[in-house]
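Here are a few notes to go with the model. Have it open while you read.

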Amino acid sequence: MKDVLIVCKDAQISRLIHSKLGRVVTVRTVSDISLAEIDNGHPIDLVFIDVVELADKTAAGFEKIVREVRRLHPLVQFIAMAPKPMVRQAVMAVRQGADDYLTYPIDGEEIDLVLKSVQENRLKDQELDYLRDQFWKSDWLDIIHTKNQSMRNVLERVRSVAPTIATVLLLGDTGTGKGLMARLIHRHSHRSDGPFVSLHCGAIPETLVESELFGHEKGAFTGADRRKIGKFEMAQEGTIFLDEIGTITHATQIKLLQVLQDGTFNRVGGKDILHTNARIIGATNADLEKMAKAGSFRKDLYYRLNVFPIELPALRDRKEDLPHLVTLFLANLEKKYGKAITGLESGIADAMQDYSWPGNLRELENILERAYILESGSLLRSGSFPDTLIIGSKIVQAANESKSLPLSQARQIAIDEFERTYLENLLKKHKGRINVSAKEAHITARQLSRLAAKHGVDKTKYKS
Ligand SMILES: Nc1ncnc2c1ncn2[C@@H]1O[C@H](COP(=O)(O)OP(=O)(O)OP(=O)(O)O)[C@@H](O)[C@H]1O
């Protein structure tokens with residue numbers, strides 16, 4: 001439970017609830033529930049709501065509130081509160097989607113019990129849903145397979161938000177799978193038959209992003225020799241994915257805010273007001289919150305985008321998934337190239353566990369493809385992988401093995417390991433020729449021979 005909203009006029013009750021909440025991030029107390037309140041950019045996980053404060057106290061009135069709030073905060077839970085004479089309304093609220101209810105006068109123990117049951121329900125739902133797995137389309141099952149808890153939490157959030165129209169913000173380092181998650185959300189939304197349109201905002205010149213997104217009229221700027229339809233028009237009834245959203249200019253931020261507020265925009269150089277119902281998914285590896293605080297990204301836009309953030313873990317934090325990912329990527333390569341390569345030579349899987357994967361899944365996919373293309377046998381061998389992976393792993397191993405040594409000695413082991421592998425690769429590349437190898441390494445032939453002798457590297461082995 002992180003962000004709690006208490007809708008209640010009685011300050012004493014709200015204080016009592018607050019005191020029972022334990023570790024929460026924010027608690028807000030308001031005297032009535034308005035659309036502005038639930039759509040102001042703050043996340044909401046739990047709502048305590050006094051049914052007396054509802055303008056429409058009927059079942060339909062409560063159901064409408066639940067629907068409105070869940071539309072923007074799909075995981076939200078509700079606890080209805082009512083004075084004893086209105087207990088029927090509280091029970092009715094539970095039938096209309098509340099998770100539990102409390103009656104006045106409320107005592108602390110009752111709040112504890114209700115909070116416990118709400119928490120248990122949430123866990124039960126998550127587990128059941130995960131086990132059922134019915135939600136996921138069969139062609140995505142390989143993609144969503146994971147043994148990592150953070151990734152399971154990500155998928156749980158995707159599962160909850162996909163069927164809604166809520167804006168989603170995908171956060172994570174480059175190559176962690178934000179683009180793929182955006183597709184996963186689209187494919188599991190009610191718009192899956194509609195278009196999925198994406199724009200990598202950081203990959204095209206800043207000045208073009210606005211016209212790519214919103215289109216332009218003929219003559220809007222030099223070179224605009226005919227009208228162009230923008231991505232928002234193309235994504236009608238579908239989803240628009242805006243990658244690297246933190247790179248858009250101030251002018252584009254204003255236009256995007258307008259779309260998020262009321263779905264309207266106009267083409268560059270155009271006066272007509274156009275409407276879009278595209279669902280927006282943004283992605284960034286920048287710290288938008290920090291940018292918003294520093295003034296380089298509009299705060300109001302950040303709040304609108306950050307309604308439902310999902311943070312993807314780095315590959316180095318989900319290494320238990322490496323075996324599955326390698327199998328999956330190899331199967332894709334087999335389909336693409338059909339070289340009947342069955343797996344990795346021994347030792348590579350361990351090297352992959354030691355490596356830090358700065359480029360995440362994309363780096364894994366790329367180095368596997370490169371090794372696959374280079375390989376002529378039935379297993380991918382270490383020589384087909386980049387030195388950074390193999391040497392990096394040896395250095396980590398050396399560091400692990402030398403935990404009880406002083407730093408200077410441990411460092412020397414790592415340097416020796418590095419020098420030996422470097423030399424071996426260099427001599428392999430130049431077929432054992434000392435002069436060319438020394439030239440490439442920017443050392444003299446004598447220095448190279450001395451290093452080879454020091455590390456027991458036999459240059460004749462590489463002559464062919
Ligand atoms: N769960 C997964 N299973 C299999 N492949 C994946 C998975 N997640 C990502 N990939 C693959 O990894 C590569 C990188 O993913 P993607 O392009 O979605 O990352 P990204 O976070 O959007 O990167 P960037 O920030 O650089 O745009 C893609 O080829 C994608 O298909």
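1. Strand 4, helix 4 (residues 87-95) and strand 5 form a right-handed β-α-β unit. Right-handed here means that, with the strands pointing away from the viewer, the path from the first strand over the helix to the second runs clockwise. Helices (H or I, at least four residues) and strands (E, at least two) are DSSP runs, numbered from the N terminus.

2. Before going further: this is a predicted model, where local features need pLDDT of at least 70, side-chain atom pairs count only at pLDDT 80 or more, and totals for chains, interfaces and linings use all residues. Residues are numbered from 1 along each chain as its sequence is written, and side-chain values use heavy atoms, with hydrogens and water left out.

3. Strand 4 joins strand 5 (residues 100-104) in parallel through 5 bridges, with I79 opposite D100. Pairing takes at least two DSSP bridges between two strands.

4. Strand 3 (residues 46-50) also pairs with strand 4, again parallel and over 5 bridges; there D50 sits opposite M81.

5. Strand 4 (residues 77-83) is largely enclosed by the rest of the structure, because 6 of its 7 residues are buried (under 20% relative accessible area, 1.4 Å probe, protein chains only).

6. Elsewhere, S437 lies in helix 19 (residues 434-441) and is buried at 0% relative accessible area. Its side chain reaches the backbone oxygen of R433 at 2.6 Å. Beyond neighbours within four places in sequence, S437 contacts (heavy atoms within 4.5 Å) L426, L427, H430 and L448.

Definitions and conventions:
Buried < 20%, exposed > 50% of the residue type's maximum accessible area, 1.4 Å probe, protein only. Polar contact = N/O pair within 3.5 Å; in protein donor to acceptor, adjacent residues only side chain to side chain.
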